[in-house]
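Here is a short report on one protein chain. Look over the sequence and the model, then read on.

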Amino acid sequence: MGNSGSAVKVCADHQGGINWLSLSPDGQRLLTGSEDGTARLWSTADSQCHGHFQGHESYITFCHLENEAAFTCSADHTIRKWDVVTGQCLAIYRGHTSIVNRILVAKDYLFSGSYDRTARCWSVDKEKQIQEFRGHRNCVLTLAHYSSKDVLEEEEEEEEEEERVSRDLLVTGSTDCTVKVWWVSSGRCYQTLLGHTGAVLCLILDAPNRELFSGSTDYTIRTWNIVTGEQLKVFKEHQGSIICLELVNRHLYSGSADRTVKCWLVDTGERIQTYKAHKHSVSTLKYHAGILFTGSGDACARAFNSRSGVLQKIFRGHKFIINCIQIHNELLYTASHDGTLRIWDIRGGRSSQKGSLSRLFNNKVGCMVQQENGEHETVELM
């Protein structure tokens, strides 16, 4: 395909930078959360804005979209739940005492991480805090969730009866350089994973293989056994902070402030490819049908052949950092700090691999890091 692309549509309704972009499980809608304190709902069928969620008193840091409900978190210390049809605010979750950085929805639980050094668990429907996870010495930036039944055999479980019944665990990554694993039912810390010497910016979980991957400002990625807490491998070749991770078929892709993405074989720890050409930090990435798509602080998105590492296309048009990307029905969606959502046609951008749209992976983080005073910076985290 050609080496440059122009957007088929530019959506410029927001009055401030877009910090996150979420795709609904059914692929019918997109949700953007912005510096202007609002979220907008977009149809993937016609690329029109079909919802405008207003109510937060400060900028939205992150958002998550289900098929029937939308969730946003903000520097105003709250989380909100919205009806995607009416735009009505259905619930406000109050309790955090500082910026809420990240939310995660799993089953009937809503999890949140904050600059107040805690993570919290809420009942999605009852607008009520169920649990508080306290023990980090600094802010909680990233979250993951799993059930112990996914990783533990019955004879391995020696926890209290309440915890065996619940089985749900929350993983938190913090700027205090640690990763912690918590029992959701009791709020008790099950494991503290020590080894990083910098802030933990991103987590990705492979529960069936009992593995957790963490990326840090110490320039490393570390792999952990989530049952024993043992550190398995350290991936050390990056020369800048690890900002985002993606795991596909036992291949780990890592985006860094050193302006590269690297591909690693999880089973051996071998680095098998480096994707260059970025002129700034790699802020977000996504694998789709043999192509690796990246977003960067240089305001461009790029498409690489995942096997050869060859740059196949550059998507130019944004004015500032691309904070998040999504892919649906051969369209690439890019959300930027310039306040626009841009839509690009990626047909013809596949590799020779066969197959329909790959499953999208959503458990990763971008590169927006809020500061305690309420300001926030778009990282060059080197």
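## Confidence

What is the mean pLDDT of the protein chain, and what share of its residues reach 70 or more? The model is predicted. Its mean pLDDT is 89, and 86% of the residues reach 70 or more.

Two stretches need care. Over residues 159-165, pLDDT stays under 50, and the model has 10 contacts beyond four places in sequence for them. Over residues 349-382, pLDDT also stays under 50, here with 114 such contacts. Where pLDDT is low, the predicted coordinates should not be read in detail.

## A hairpin

Strand 17 covers residues 179-183, and strand 18 covers residues 189-193. The two run antiparallel, joined by 4 bridges. Lysine 180 has threonine 192 in strand 18 as its bridge partner.

The two strands form a hairpin, with 5 residues between them. Glycine 187 sits in the turn and has a positive phi of about 80°.

## Cysteines

How many disulfides does a search of the whole structure find? The search finds 0.

Is cysteine 121 buried or exposed? Cysteine 121 counts as buried because its relative accessibility is 0%. Cysteine 189 has 25% relative accessibility, so it counts as partly exposed.

Conventions:
Residues are numbered from 1 along each chain as its sequence is written. This is a predicted model: local features need pLDDT of at least 70, side-chain atom pairs count only at pLDDT 80 or more; totals for chains, interfaces and linings use all residues. Side-chain values use heavy atoms; hydrogens and water are left out. Two strands pair if DSSP finds at least two bridges between them. pLDDT is the predictor's confidence in each residue, from 0 to 100. Contact means heavy atoms within 4.5 Å. A disulfide is a pair of cysteine sulfur atoms within 2.5 Å. Buried means under 20% relative accessible area, exposed over 50%, partly exposed in between (1.4 Å probe, protein chains only).
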